[in-house]
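Subject: Structure handover

Hello,

Here is the structure I said I would pass on. Please open it beside this email and look up each residue as you read.

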Amino acid sequence: MTERTARLRPWYLLSPALATITFLLVIPTCFILVYSFWLRTATGADQAGFYLSNWKEVLSDPFYRDILFSTLRIAAITTVICALTGYLPAYFIAMSESRHKSLMLLLVMLPFWISYIIRTMSWINILGTTGALNTLLIDLGIIDQPLSLLYNEPAVILGLVNFLLPFMVLNVYVSLEAIDRNLLDASRSLGASELQSFREVTLPLSLPGLAAGGLLCFVLSAGTYITPVILGGPRNAMFANLVFEAIITQLNWPLGSVLSILLLIVLGAIVILYNRLVGIGQFAKTFG
Amino acid sequence: MTTPTHSVELSGIVKRFGDFTAVERMDLSIEEGSFVTLLGPSGCGKTTTLRMIAGLLDPSEGDIRIRGRSVTAIPIHKRNLGLVFQNYALFPHKTIYDNVAFGLKYRDIPKSEIAGKVQRALDLVQLPDVGSRHPRQLSGGQQQRIALARAIVIEPDVLLLDEPLSALDANLREDMRVELKRIQAQLGITTIFVTHDQSEALAMSDTIVVMSNGHVEQVGGPEDVYVNPTSAFVARFLGNSNLLPARVGAREGDVVPVTVDGFGTIRLPASRCTAVGQSDRATLVVRSENLRLAGDDAPVPGDALALPADVTTVDYQGQAARYFVRIGDKTLQAVNAIEMHPHRQGARVKAIIRGRDCTLVPEERH
Ligand SMILES: Nc1ncnc2c1ncn2[C@@H]1O[C@H](COP(=O)(O)OP(=O)(O)OP(=O)(O)O)[C@@H](O)[C@H]1O
Ligand SMILES: [Mg+2]
């Protein structure tokens, strides 16, 4: 094989993936970018051209900024909750010497078999005024009036955690599973207690999984649209709901495009920053 | 009570995994400062034994004492043992310095002394300048030296090594053998070394514990187990031996006449027959280097048995040759130094077995 073909080989192998990404992601995104500079006229028709008025409107109106910030806040809270509650089951499964390990993993993935929308809607039956929880509390005589547990931010976060937890568990599990058990034996033999070994060896070596799971949870929850629609109230709209509103309800493609691109830029910047700080790539090299 | 010269004592140690007994009724006393090797084929329970001493496995029965104190109820991190693994097991996310300093953090050692101790350990393994690197930036041999430094820097009561050299290539393994022995002797640290490589065991040990199927076959110095095997298993496992079924005659003073089936009678010094009691049947062990092949006209010493033999295969090795010879209906192996020319294939030679070169062991159970 000549040096030239050797050099080109990775590109041949990557070409199907590159083609798919180009046609399904890059080109549509470019269209959206172009749309964002068009103008929506009073008649409701879009006028092609290069107008900055949509951008000016979105960037100057505090309405959009507030919703962007609350979206990022919800995503961050969801991520932290997923990390805290997902680590434990991942640790338990990875360290288990049970023969039923793969069954346990299957159970983690079980929710994926049910539509995300149905899973989200099922919370209405649990948290609604006549839902399971309120009925139970009233029957037990703990409360007289049903609590309003739905259509607020905690309900949205609950729905998101419910949706995203398996992603966190699986990511953390994979990195825990990859840890050489001899490292823990070595650490123990050198004098570290079980807890100290966890802090010094297990936790740092599982950080890449935690970081990857965290990023996934953050990006997916920041871009979510269904959960706030089903479980949130009128004031719990997230950024993707604005895009839906602009494009589908108002048929305002230029505005919707601006909002989409803005979310893309913000999330992209966060991913890059996060990568710098946590160094996902750096961690990958540690084990390379 | 226990004598203080014994560093490690196993009494009646048993380890069962479900129905399977990995180690059965093991008794062993290890002297302070000695280098003891657990030697045996794969699956004989060496690692299991070592892990029980380390505290990584609980024995099903029996007691383990280290420096006179029973440790079976003491958790691993309080046992003060140095552990070295086949795959090095260095912490990949820590620098070499932090790896070596790891165990010192959990001991009452003033911070100011840690750096000095780490440096002395790195000097001892002859890698003084790698402290700031990460494990992945070192070669396999270097990583194993660091693993050793990490284990000895805590001044453990016992150093436990599980096949520490078997991931290294042949040349490096020889170097590391010498190195490890030097460090062990210099520190005078009691060492238990696990291997299935007999040459490693013979070269390094003060005492070899030969194991098979979860029990101890023989304990002794390298020369002892090599020259005086007490069982057919040990004779077969260490070096290269011919095992000949034989009948034991009545002892005549210091001599025991042994009749090898089909070969005739050979007279052994009684000191070579201690492994066999009053039994009638036994197995005669003739090391392949003690089966001498000579020309037809060579003189035969008085205590020797001389048998006509046909050379079937010659395996030329430079200074020596390995021969397969047919004597009667048996094929035997001989390794002889070459004086002038090796014997030729097909040649008729005289196979000479001297009584004092042989060992009698109990008949093999089949
Ligand atoms: N956790 C376990 N569960 C069940 N059986 C085990 C377990 N650990 C070891 N064994 C069995 O116990 C026996 C002894 O194992 P051990 O690892 O001590 O062998 P070894 O002498 O170290 O062999 P090797 O030279 O291959 O490392 C083996 O037959 C092994 O299959
Ligand atoms: Mg082993």
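This is a predicted model: local features need pLDDT of at least 70, side-chain atom pairs count only at pLDDT 80 or more; totals for chains, interfaces and linings use all residues.

Residues are numbered from 1 along each chain as its sequence is written, chains are lettered from A and ligands numbered from 1 in the order in which they are written, and side-chain values use heavy atoms, with hydrogens and water left out.

Chain A

Chain A has 13 helices and two strands (DSSP runs numbered from the N terminus: helices are H or I with at least four residues, strands are E with at least two). Its radius of gyration is 24 Å, well over the 19 Å that the globule rule gives for 288 residues, so chain A is more spread out than a compact globule. That radius is taken over C-alpha atoms, and the rule is 2.2 Å times the number of residues to the power 0.38. Along the principal axes, the C-alpha atoms of chain A fill a box of roughly 80 × 75 × 30 Å. Of the 288 residues, 40% count as buried (under 20% relative accessible area; exposed is over 50%, partly exposed in between; 1.4 Å probe, protein chains only).

Helix α8 of chain A

Helix α8(A) spans residues 181-189, and eight of its nine residues are buried. Among them are A:Leu183, A:Leu184 and A:Arg188. What do the buried residues of α8(A) pack against? They pack against α3 (62-95) and α9 (194-222) of chain A, together with α1, β6 (81-84), α2 (96-105) and α4 (140-152) of chain B. The N-terminal end of α8(A) is capped by A:Asp180, which has a side-chain oxygen 2.9 Å from the backbone nitrogen of A:Asn182. Just after the helix, A:Gly191 has a positive phi of about 120°.

Ligand 1

The residues around ligand 1 include B:Phe17, B:Phe20, B:Thr47 and B:His196 (a residue is near a molecule if one of its heavy atoms lies within 4 Å of it). This shell divides into four nonpolar, six polar and two charged residues. Here Ala, Val, Leu, Ile, Met, Phe, Trp, Tyr, Cys and Pro count as nonpolar, Asp, Glu, Lys and Arg as charged, and the others, Gly among them, as polar. The largest share of the shell, three residues, comes from α1(B).

Oxygen atoms of ligand 1 lie 2.7 Å from a backbone N or O atom of B:Gly43, 2.8 Å from a side-chain N or O atom of B:Lys46 and 3.3 Å from a side-chain N or O atom of B:Glu163. The protein covers 59% of the 640 Å² of accessible area that ligand 1 has on its own (Shrake-Rupley method, 1.4 Å probe).

Two single residues

Is B:Asp254 buried or exposed? At 58% relative accessibility, B:Asp254 counts as exposed. B:Asp254 sits in the loop between β11 (241-248) and β12 (255-260) of chain B. Leaving aside neighbours within four places in sequence, B:Asp254 is in contact (heavy atoms within 4.5 Å) with B:Leu268, B:Pro269 and B:Ala270.

A:Leu103 belongs to helix α4 (residues 101-109) of chain A. At 47% relative accessibility, A:Leu103 counts as partly exposed.

Regards

Definitions and conventions
A polar contact is a pair of N or O atoms within 3.5 Å; within protein, one must be able to donate a hydrogen and the other to accept it, and residues adjacent in sequence count only if both atoms are side-chain atoms.
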